[in-house]
Amino acid sequence: MKRRKFIYQASLGFGSLLPVIKKAKALAINNGPFLATGIKIGEVTASSAIIWSRLTLSAKPIGQEAKVPAFLYLDESVNEWHPVNYFKEKYKQDRPNKKVKVIFPEGYTVDNIEGAVPGSKGETRVLYRKLKAGKWNETKWTSVNAEADFSVQFALSDLSPASNYEIQVEARSIGSVIIAERINGNFRTAAEAQKNADVHFMVTTCHEYDHQDAPGNGGFKIYPHMLTLDPD
């Protein structure tokens, strides 16, 4: 497993993907759950979309005052573990595709390293409608799945093709009537299969956690500028 894969799977509170959400708004003074890892909108077709949500214990990721783990990679030729600089110097590999060993600083786990956002039990739902339409459609309140890192997916269906939709993802404690946090988002459905239509999208790569130029403020300075191009 490579280092960047580990960071991703540890559910750090930074999304390396282009954000498609506005800032989450706390709706009540409470103990959560929160939506610190945001939402994801994907698998969009002419009539459907999947909304991913994850509940968190805290409203923000752990800051840079915390430590990060070290990573060692196995050099099978000598059966020794070494940091990445060893592979750069010896093999000209800056990303060795080797077995990796993660060494946490004393007193640290995946839940309290820099950038970590532990998951939380709770319920979430999605409200959705055509952009600026009157009535909201809503899913049922659904408990997140602890086995899926406290996340859940909502499959929206019966959507109109080539249409702009806005959504609200809400979070609350199990059985509560108080909405702890809400995130707004939007997307555009695909055109009908038999019709030609332009699609505006962006592709990014190598936005690794330790390469951030705006930590604590979206991760990368380029993201807000990308959003001004109005991708679908």
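This is a guided tour of a predicted model, stop by stop.

**The whole chain**

Start with everything shown. The protein has 232 residues, and 36% of them count as buried. Its secondary structure comes to three helices and 12 strands. Residues 24 or more positions apart account for 67% of them.

**Residues 1-23**

Colour by pLDDT. The average over the protein is 87, and 88% of the residues score at least 70. Then select residues 1-23, where the pLDDT is below 50. Beyond near neighbours in sequence, this stretch still has 67 contacts in the model. Where pLDDT is low, predicted coordinates should not be read in detail.

**Pro33**

Select Gly32 and Pro33. The peptide bond between them is cis, with omega at about 5°. Pro33 sits in the loop between strand S1 (25-26) and S2.

**The three-stranded sheet**

Move on to S2, S3 and S10. They form an open sheet in the order S2-S3-S10, with antiparallel pairing. Which strands stand at the edges? They are S2 (39-42) and S10 (151-156). Each has a single partner strand, so one side of each is left without a neighbour in the sheet. From one strand to the next, the twist averages 20°.

Zoom in on S2 and S3. Strand S3 covers residues 49-54 and runs antiparallel to S2, joined by four bridges.

**Two positive phi values in loops**

Stay with S2 and S3, and select Glu43 in the loop between them. This residue is not a glycine, yet its phi is positive, near 55°. Is Glu43 buried or exposed? Glu43 is exposed, with a relative accessible area of 63%.

Next, select Lys92. Look for it in the loop between helix H2 (84-91) and strand S6 (100-103). Phi of Lys92 is near 60°, again a positive value in a residue other than glycine. Lys92 is exposed too, at a relative accessible area of 71%.

Now select residues 123-130, which make up strand S7. Seven of its eight residues are buried, so the strand is largely enclosed by the rest of the structure.

- **S11 (residues 164-172).** S7 and S11 pair in the antiparallel sense over eight bridges. Tyr128 stands opposite Ile167 in this strand.
- **S8 (residues 137-138).** Two bridges link S7 and S8, also in the antiparallel sense. The bridge partner of Tyr128 in S8 is Asn137.
- **S9 (residues 142-143).** S9 runs antiparallel to S7 and is joined to it by two bridges. Glu123 stands opposite Ser143 here.

**The S7-S8 hairpin**

Finish at the turn from S7 into S8. How many residues lie between the strands of this hairpin? There are six. Select Lys132 in this hairpin: its phi is positive, near 65°.

Conventions: Residues are numbered from 1 along each chain as its sequence is written. This is a predicted model: local features need pLDDT of at least 70, side-chain atom pairs count only at pLDDT 80 or more; totals for chains, interfaces and linings use all residues. Side-chain values use heavy atoms; hydrogens and water are left out. Two strands pair if DSSP finds at least two bridges between them. Axes are lines fitted to C-alpha atoms, for helices over the stretch in contact, and angles run from 0 to 180 degrees between N-to-C directions. Buried means under 20% relative accessible area, exposed over 50%, partly exposed in between (1.4 Å probe, protein chains only). pLDDT is the predictor's confidence in each residue, from 0 to 100. Contact means heavy atoms within 4.5 Å.
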